[in-house]
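Here's a quick tour of a protein fold for someone new to reading structures. Have a look at the sequence and the model, then work through the points below.

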Amino acid sequence: DGGFEVLAVQRAPITGPSKCLIECKRYHPENREGVGVIRSLLGVVVDQGATKGILATTSFFTGGATEFQERNCNVLSLGDYDDVRNWLSHLRLL
């Protein structure tokens, strides 16, 4: 495992390409994601020269994980159970 499941590249004529790494975690909603996995993703983003990292989970995040993401909001985004359900409903997959 290279620390991410999806590599998304967007090419923009003015700003150039952006590289987003998406890490996916499938856990029971009661098994909350802690700050460790968010820190690991940030390390992978830096190592891979990506512009953004997204962690999507079927669970939720601890307060520490959310606080860490907020301090690094320019390069990290989080998507919890509710966000994933919302994304899927927009794609009509639910």
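What order do the strands of the open sheet have? The order is β1-β2-β3-β4, in an open sheet of four strands with mixed pairing. What you're looking at is a predicted model, where local features need pLDDT of at least 70, side-chain atom pairs count only at pLDDT 80 or more, and totals for chains, interfaces and linings use all residues. Residues are numbered from 1 along each chain as its sequence is written, and side-chain values use heavy atoms, with hydrogens and water left out.

**The sheet**

- In general, strands of a sheet pair through backbone hydrogen bonds, either parallel or antiparallel.
- In the four-strand sheet with the order β1-β2-β3-β4, the edge strands are β1 and β4 (76-79), each of which pairs on one side only.
- On average, and ignoring direction, neighbouring strands of this sheet are turned by 20 degrees against each other; axes here are lines fitted to C-alpha atoms (for helices over the stretch in contact), and angles run from 0 to 180 degrees between N-to-C directions.
- Strand β1 (residues 6-10) and strand β2 (residues 18-25) are antiparallel partners, with five bridges.
- β2 and β3 run parallel and are joined by six bridges; Lys-25 stands opposite Thr-57 in β3.
- β3 and β4 are parallel too, with four bridges, and Ile-54 faces Ser-77 in β4.

**How the chain crosses over**

- β2, helix α1 (residues 35-48) and β3 make up a right-handed β-α-β unit; right-handed means that, with the strands pointing away from the viewer, the path from the first strand over the helix to the second runs clockwise.
- Four bridges join the parallel strands β3 and β4, and the chain gets from β3 to β4 through α2 in a β-α-β crossover that is right-handed.

**A residue in helix α2**

- Gln-69 is found in helix α2, and it is buried at a relative accessible area of 14% (buried is under 20%, exposed over 50%, partly exposed in between, using a 1.4 Å probe and protein chains only).
- Leaving out residues up to four places away in sequence, Gln-69 touches Leu-76, Ser-77 and Leu-78; contact means heavy atoms within 4.5 Å.

**Side-chain pairs**

- Side chains of opposite charge can pair when their charged atoms come close.
- The structure holds one salt bridge, which is defined as a side-chain nitrogen of Lys or Arg within 4 Å of a carboxyl oxygen of Asp or Glu.
- Its partners are Glu-23 and Lys-25, whose closest N and O atoms are 3.3 Å apart.
- Glu-23 is buried at 6% relative accessibility, while Lys-25 is partly exposed at 22%.
- There's one aromatic pair, counting rings of Phe, Tyr and Trp (its six-membered ring) with centres within 6.5 Å; planes under 30 degrees apart are stacked, over 60 edge-to-face and the rest tilted.
- Phe-60 and Tyr-81 form this tilted pair, at 5.9 Å centre to centre and 55 degrees between the planes.
- Phe-60 sits in the loop between β3 (52-57) and α2 (63-71) and Tyr-81 in helix α3 (residues 81-90), so the pair ties together parts 21 residues apart in sequence.

Notes: Helices (H or I, at least four residues) and strands (E, at least two) are DSSP runs, numbered from the N terminus. Two strands pair if DSSP finds at least two bridges between them.
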